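Please open the model in a viewer and keep the sequence panel at hand. The stops below are arranged as a tour, each beginning with a selection.

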2 protein chains.
Amino acid sequence: MQSVTLNDTHAIAIGAGILGTGGGGSTYLNRLRLDNELRGGGKSLPIIRADDVPDDALVCAVGGMGAPTVSNEKLQEGREIMRAVRAMEAHLGQPMHAIIIGEIGGGNALGPLVAALQLGLPVVDGDSMGRAFPELQMDTFMIYGVAPSPFALADTHGNIAIFPRIGSAKQAEEFARSLTIEMGGSAALVMPVLSGADLKRTIIRDTLSLAKRIGESVLDCRARSIEPAETIAKLCKGRILFTGKITDVERRTVQGFARGQLKIAPFHNETPAAGIYPTPDPSPTGCRGESKVQPPPISMGGPRGVTGILQIDFQNENLVARLGDDVLCAVPDLITIVSLDDGEAIGTEALRYGLRVAVLGMPAPKELKTPEALAVVGPRAFGYDIDFCPLPGDLL
Amino acid sequence: MQSVTLNDTHAIAIGAGILGTGGGGSTYLNRLRLDNELRGGGKSLPIIRADDVPDDALVCAVGGMGAPTVSNEKLQEGREIMRAVRAMEAHLGQPMHAIIIGEIGGGNALGPLVAALQLGLPVVDGDSMGRAFPELQMDTFMIYGVAPSPFALADTHGNIAIFPRIGSAKQAEEFARSLTIEMGGSAALVMPVLSGADLKRTIIRDTLSLAKRIGESVLDCRARSIEPAETIAKLCKGRILFTGKITDVERRTVQGFARGQLKIAPFHNETPAAGIYPTPDPSPTGCRGESKVQPPPISMGGPRGVTGILQIDFQNENLVARLGDDVLCAVPDLITIVSLDDGEAIGTEALRYGLRVAVLGMPAPKELKTPEALAVVGPRAFGYDIDFCPLPGDLL
């Protein structure tokens, strides 16, 4: 992938939505902004490989911070990221070589492309999550030792904050979250600033290309009137965890996050997938059966022969999918809800009663499954007393 | 006043406490820090006049931000202001010429002296309040048009935030307050950064000298076993509003402020002072009798012949003193509570049942009584439906 043109934005938006695991913000508005920047004169945005960035060049990851429930209703002015990058360059007295996508999931995949066009800078193919995560410390740059400061925040009104020195990534998250709330619940973020050498060491490569490929497959399914869920699952080395109808959504916007729970009932007479987490049959990987908790018998009664309700917890992003006490999938593996008909990802801000959906479980990129990474992005980092049992394979 | 030495710190601390109107933080800890910096080798801190600062030199006002209830218990490490100034110099790529005291009230008069000694910079005799105020926009620099940005915050752990561009002083207050809360409820502040020319145009001159003079008078009274309240009132061109015993304190630390109400009962058979705000007899100044509210008859009963209870509202600083519905004094005029015996100011964080006190009302500096200033620091800016009726005279 050498550039992004107007022809690519639909596919990238669809793919980024699917990698967003419910978060990263809606792709709709940022795709409009991106199309707007690309329109006229056959403009294109150059995409470069991480390995082509000189070791001593300066790059920065960018994105939007805040709850997707907010950023969807309180529109950004459209140049927040650009202003934050310019302020950071002025602060450091050094120009950026390229823009890095902080998280490839959701609208946050597209915002950096918009900013890069405004700044006249190329974008590196890759990101630091291979998905979306709710908190700042949850990226491979900081997990693998890149300093969280300096970082910058910018709001819609032109206000800018720069944090030249912050003790830890978690501390940065706390300061930035509180300021984002004060900025109205959404803000543009430049974080971290890193060298080309550190970039090559820590980035998850080729995730922008992956997003585009996923989107192209979905568009192809749509053209051929095929339900895309199976195709997406295959392309992402994952599986369909569940199909059914959303029957309940409990969602609050608290402490700057969209938090809640979702329930999905299966269609008539379907048999739900088996969980990979606690089962009576221990497996050699140490995951199956490790838990003392036995999966409860799946209820066979209920309306229309419902055989079990899938429950998904989310904090901006989908975190854990369960059938009764049986965990089907958990962070950092990807849990994405797509519309059954057209494969469009449904963000946690857009969940509502009655939607007919497929729930996809996809293995995380390998960079998120090391012990250092799991300490930051594993189930326990989100407060779940669950050992991470990876879906087989790697997203990338 | 040309310097501050170890011999001056006690007097300055006492005077700053009295100018603090209950806020600005306790002087105790910052005096210990100041003494520590001055100790050994006859060190002294040079004090310069605002008019001696070159027009194109850069200076910055500094102080502590947060609730005095917090800063008294959660100790600062002691070099927070210094780090914030150094970070600001690095950000601007320009050194500071001198340190400016942001508010002369309370511990915030002394913190800048400590930082100046650590930085090797002189301090200007003056400040931007002539007292203490709870919010950042409430200073003569910003009231008279100095930009609120760039400003910097630093916490005890070495974390630093710089705001290179903020739309308004009120917006700066909101961002800084939320970050101060996240920093544990107290932080060091550098704000604003201004030129020598702007300094001369907007500073309230000679308030450090005034603090020292007040403190020296109090120490003199103590040496002669005289209750100092009358002397302080005279020196500050004010009056004793009330003497009595604290009978009730309602205080909460909310949204980063110490907020509450205080009740003081008069000693046996004393007659309280008459209010200057709403009275039945209209005065030519337009203040007396403007309110339709008639002062209620003062209750003559109660324990020990109590003739009326003084009530003071505070938000870090004392804002309004009332006897029934009769307003005796309101912001920006100074309301300070001192211990009857020794004239030591009692901060809003130190108020407690049973203290025997005098309540002093002192006229604000003239710079706080212009229409521009009253829009920011008058009673209505604090939510009171009261026209400001100044005590006669000016503090300075």
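Across all chains, a search of the whole structure finds 42 salt bridges, a salt bridge being a side-chain nitrogen of Lys or Arg within 4 Å of a carboxyl oxygen of Asp or Glu. This is a predicted model: local features need pLDDT of at least 70, side-chain atom pairs count only at pLDDT 80 or more, and totals for chains, interfaces and linings use all residues. Residues are numbered from 1 along each chain as its sequence is written, chains are lettered from A and ligands numbered from 1 in the order in which they are written, and side-chain values use heavy atoms, with hydrogens and water left out.

For one of these salt bridges, select Lys212(A) and Asp8(A), whose side chains meet at 3.5 Å, N to O. The pair links distant parts of the chain, 204 residues apart: Lys212(A) is in helix α9 (residues 207-223) of chain A, and Asp8(A) is in the loop between β1 (3-4) and α1 (9-19) of chain A. Helices (H or I, at least four residues) and strands (E, at least two) are DSSP runs, numbered from the N terminus.

Next, display the whole of chain A, which has 11 helices and 16 strands. Its radius of gyration is 20 Å, close to the 21 Å that the globule rule gives for 396 residues, so chain A is as compact as a globular protein of that length. The radius is taken over C-alpha atoms, and the globule rule is 2.2 Å times the number of residues to the power 0.38. Along the principal axes, the C-alpha atoms of chain A fill a box of roughly 65 × 45 × 40 Å.

Now show chain A and chain B together. The contact (heavy atoms within 4.5 Å) takes 20 residues from chain B and 20 residues from chain A. The area buried between the two chains is about 1,800 Å², with carbon and sulfur atoms giving 56%; buried area is the accessible area (1.4 Å probe) that two parts lose on being put together, summed over both. Select Asn159(B), Arg165(B) and Phe175(B): in chain B they lose the most area to chain A, together 29% of what that side buries. The elements giving two or more residues to this side of chain B are α4 (80-92), β7 (160-165) and α7 (169-182) of chain B. Between chain B and chain A the count is 0 salt bridges.

Two strands pair if DSSP finds at least two bridges between them. The bridge partner of Arg165(A) in β7(B) is Ile160(B).

Move to β10 (residues 239-254) of chain B. Its antiparallel neighbours include β16 (residues 356-362) of chain B, joined by 6 bridges, and β11 (residues 257-266) of chain B, joined by 10 bridges. Arg239(B) stands opposite Gly361(B) in β16(B), and Arg252(B) stands opposite Arg259(B) in β11(B). In the hairpin of β10(B) and β11(B), with 2 residues between the strands, Gln255(B) takes a positive phi near 50 degrees.

Which peptide bond from Val331(B) is cis? Select Pro332(B): the bond from Val331(B) to Pro332(B) is cis, with omega near 5 degrees. Pro332(B) lies in the loop between β14 (326-330) and β15 (334-339) of chain B. In chain A, a cis peptide bond joins Val331(A) and Pro332(A), with omega about 5 degrees.
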